[in-house]
Amino acid sequence: MLKKLFGKKKKQEVSYEDSKGLARDENPKVRAKLASSASVRPEVLYYLTDDNSPEVRRNVARNTNTPVQANTILATDTDDQVRSELARKICKILPDISGTDADSIREQTIEILEVLASDQLPSVRAILSESLKDTLEAPKHVIMALAKDVEEIVASPVLEYSPLLTEADLLEVIASGVAAGALPAIARRPNIGEDVSDAVAASLEIPAVAALLANSSARVREDTLDQIISQAETVEDLHEPMVMRVDLSIRAMRRIAGFVASSLVDKLVERNDLSPDIEKELKKSVKGRIEEVENFDEPREDDGQVRAEKLWATGRLDEKTLTEAVTSKDLSFVHNGLALMTGLSVGVIRRILNSRNGKVVTSLCWRAKLSMRLAIRIQTEIAHVPNTKLVNAKDGVEYPFDEKEMDWQLSFYVEE
């Protein structure tokens with residue numbers, strides 16, 4: 001029997017009676033060799049699922065002849081490698097299930113996948129995700145479970161590649177809380193739509209926004225691109241991905257040229273078929289910034305602060321002037337205007353707007369006696385509050401909180 005199993009000559013099929021004897025052999029190497037045999041009977045493989053040697057059970061997990069009932073047992077094996085080997089095999093055989101009992105076997109195999117998709121070991125779940133990321137044969141609910149996994153190594157493969165995930169699925173995953181570090185996988189996904197791009201941009205997660213900008217197939221609304229440009233002004237990691245974007249408007253290029261390095265402006269010009277006048281204008285913008293830095297010997301007054309103070313002194317700092325500043329993204333004026341209208345310091349105003357907390361930003365606008373409509377614009381266009389934390393109006397026009405609640409929100413930021 002051992003010669004049949006281990007012999008150097010051409011291997012012969014081991015009989016059922018012989019294999020039963022080998023399955024009880026005291027040498028674990030003999031049992032492990034038997035478990036890896038392509039000719040061993042399913043009943044023997046089922047018997048070996050209870051073997052005390054992990055190597056034997058690993059070989060049973062690898063063996064494509066192992067019956068589905070045995071695979072079910074191995075899905076909860078105490079040895080991590082047994083479950084890992086089983087995960088690799090199950091994903092491989094899933095598309096090839098056929099025969100008279102195919103429906104029953106497939107149903108049981110899917111149940112095994114469900115068990116492995118909730119395995120306590122991230123590496124086991126990651127094997128499933130990597131193996132199923134581009135297949136149409138996998139059950140949709142298993143793919144969704146992997147996409148919502150808390151571990152980046154599990155969620156990312158299916159989020160980036162799975163053809164089973166729809167735009168609605170991706171938005172659901174983002175809304176429910178995508179795994180830390182996995183959002184760039186969605187941003188890299190081919191041909192993502194405008195709603196998904198909006199959700200990625202609203203996250204303000206730099207690697208994800210950079211990946212979105214680098215994804216030439218992603219459809220991005222102009223308003224969303226404007227918000228990203230505003231964010232990119234103070235985030236150098238976004239400068240080059242922004243410049244390399246292929247669908248920039250002339251207006252967007254003008255804004256970008258106002259803050260990126262001269263070498264990136266050169267790339268911007270090279271990548272786009274610009275008229276000589278536009279090219280000259282963009283390069284002039286860089287030259288002007290360089291000269292401004294070179295001539296900056298003495299501290300100068302903040303223009304936004306000066307204008308806001310003049311309007312405040314004459315009683316003309318109101319919702320209309322602040323709305324115009326929000327529209328033009330005049331951050332200095334918005335910060336100083338809100339400070340004057342609320343009695344808070346500019347430092348506190350900046351901290352509140354940088355918090356990206358919809359409730360406290362809304363409370364700030366209430367204290368400045370602005371309309372809820374403008375409060376929503378300040379949340380989205382100035383504070384870049386994520387969609388999931390955005391505070392909407394009550395009955396379309398009213399503030400949704402009472403004064404006590406809004407005072408309480410501001411108390412965390414107001415200086416004593």
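A polar contact is a pair of N or O atoms within 3.5 Å; within protein, one must be able to donate a hydrogen and the other to accept it. In this predicted model, the side chain of Gln 379 meets that distance, reaching the backbone nitrogen of Val 391 at 2.9 Å. Gln 379 lies in helix H26, which spans residues 372-382. Its relative accessibility is 0%, so Gln 379 counts as buried.

The largest nonpolar core comprises 88 residues. Within this core, the residues with the most contacts are Leu 159, Val 200, Leu 212, Met 242 and Leu 282. Helix H15 (residues 206-214) contributes the most to the core, with six residues. Met 242 touches Leu 213, Leu 225, Ile 228, Ile 229, Ala 232, Leu 248 and Ile 256, leaving aside residues up to four places away in sequence. A second core is separate and holds 33 residues. Among them are Leu 338, Ala 368, Leu 374 and Ala 375.

H5 covers residues 54-62. Its buried residues are Val 56, Arg 57, Arg 58, Asn 59, Val 60 and Ala 61. Helices H3 (28-35) and H4 (42-48) are among the elements that cover these buried residues. The cover also includes helices H6 (68-74) and H7 (80-93).

Note on methods:
Residues numbered from 1 in each chain as written. Predicted model: local features only at pLDDT ≥ 70, side-chain atom pairs only at ≥ 80, totals over all residues. Heavy atoms only, no water. Buried < 20%, exposed > 50% of the residue type's maximum accessible area, 1.4 Å probe, protein only. Helix = DSSP H or I, 4+ residues; strand = E, 2+ residues; numbered from the N terminus. Contact = heavy atoms within 4.5 Å. Core = buried A, V, L, I, M, F, W, Y, C linked by side-chain atoms within 4.5 Å.
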